[in-house]
Amino acid sequence: MGNSHRELARLLTRVESGEALSLGGGESAARGTARVIGLTGAPGVGKSTMTSALVAEFRAAGNRVGVLAIDPSSPFTGGALLGDRIRMQQHATDDGVFIRSMASRGHLGGLAAATPGAVRVLAAAGYDVIIIETVGVGQAEVEIASQADSVIVLLAPGMGDAVQAAKAGILETGDLFVVNKADKPDAQAVVRDLRGMLALGNWENRWKPRILTTVAQEGDGVPEVIEALDEHWDWLCSSGELDRRRLARAEAEILALATGSVRARVRAADVGSLAAKVAAGNLDPAAAAEDLLASAGLARRTDE
């Protein structure tokens, strides 16, 4: 497929509208070489600044970089609020960088529903590194772990109780923990708390997450983040974990697409008359559900 920015934008718009795309024979080979890096963390920790700094480092190494910046949805248009894209203007004229803001549109987990399809488009277009920056997320929004090869969890001092931050949830998804804004007071306290949390885990035959500090706005510590990402990539390839993660990602994408198709077909069926029968007590809800699936062509009627 071609890879002009205008063509990519059109393809991603089609993906966001729910269209299933066939991207050509080179798609599988492209997906096998593209590295997918997830960047997540609470609002205000500097995710967009860190993403911009990582793009600069990867570009300096000669990599073509695609960025999917998941933004909250506008309450007026439903589109992305574009805050992330504004913060990455320094890369706007670089032909080796493609930045796409995608609206979450109410999708939970910190991502957009179209994220997997968008990753496939960028991989097929020949981008070496694809960075997914999530919406500012909380402890339960961990979908990025199923979409990325390596996940960076970004933290910052002054963001609240470190013990609260270390509870089960978002921190369990991290391959790298990066304490940004490390020039502020209490940054080392966050590092100590993270080390204490990791000390409780059993890392035998597993990747032990790295802890790093950065001042992303100044670029301080960002080369070390790249080195840690490369180290994690080597471990993924040598341990077989990369294949496992990508198999799980493919299964999740297939199920999501199938579920969406089933939901659309069910919604097109006549649920109103069935609901009336259930409300009147003339039909059991389970039987009504079977009839609904049958009318949508998804199951056989029990009386057949």
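The model is predicted, so local features need pLDDT of at least 70 and side-chain atom pairs count only at pLDDT 80 or more, while totals for chains, interfaces and linings use all residues. Residues are numbered from 1 along each chain as its sequence is written, and side-chain values use heavy atoms, with hydrogens and water left out.

**Confidence**
- The protein averages a pLDDT (the predictor's confidence in each residue, from 0 to 100) of 81, and 77% of the residues score at least 70.
- Helix α6 (residues 162-165) has the lowest confidence, at a mean of 50, whereas α8 has the highest, at 97; helices (H or I, at least four residues) and strands (E, at least two) are DSSP runs, numbered from the N terminus.
- Over residues 26-30 the pLDDT is below 50, and this stretch has 4 contacts (heavy atoms within 4.5 Å) beyond near neighbours in sequence.
- Residues 74-81 also have a pLDDT below 50, with 16 contacts beyond near neighbours in sequence.
- Where pLDDT is low, the predicted coordinates should not be read in detail.

**Strand β3**
- In β3 (residues 97-103), 7 of the 7 residues are buried, so the strand is largely enclosed by the rest of the structure; buried means under 20% relative accessible area, exposed over 50% and partly exposed in between, with a 1.4 Å probe and protein chains only.
- In a regular strand the side chains alternate between the two faces of the sheet.
- Both faces of β3 are covered, with Val-97, Ile-99, Ser-101 and Ala-103 buried on one side and Phe-98, Arg-100 and Met-102 on the other.
- Strand β2 (residues 65-71) pairs with β3 in the parallel sense over 7 bridges, where pairing takes at least two DSSP bridges.
- Opposite Ala-103 in β3 stands Asp-71.

**Helix α8**
- The buried residues of α8 are Val-222, Val-225, Ile-226, Ala-228, Leu-229, His-232, Trp-233 and Leu-236.
- They cover an arc of only 160° around the axis, which puts them on the same side of α8; the arc is that of the directions from the helix axis to the C-beta atoms.
- On the other side of α8, Glu-227, Asp-234 and Ser-238 are exposed.
- Elements covering the buried residues of α8 include β1 (35-41), α3 (47-60) and α9 (241-268).
- Gly-240 follows α8 and has a positive phi, near 85°.

**Thr-115**
- Thr-115 lies in helix α5 (residues 115-124) and is buried, with a relative accessible area of 0%.
- Leaving aside neighbours within four places in sequence, Thr-115 contacts Leu-68, Ile-70, Met-102 and Ile-132.
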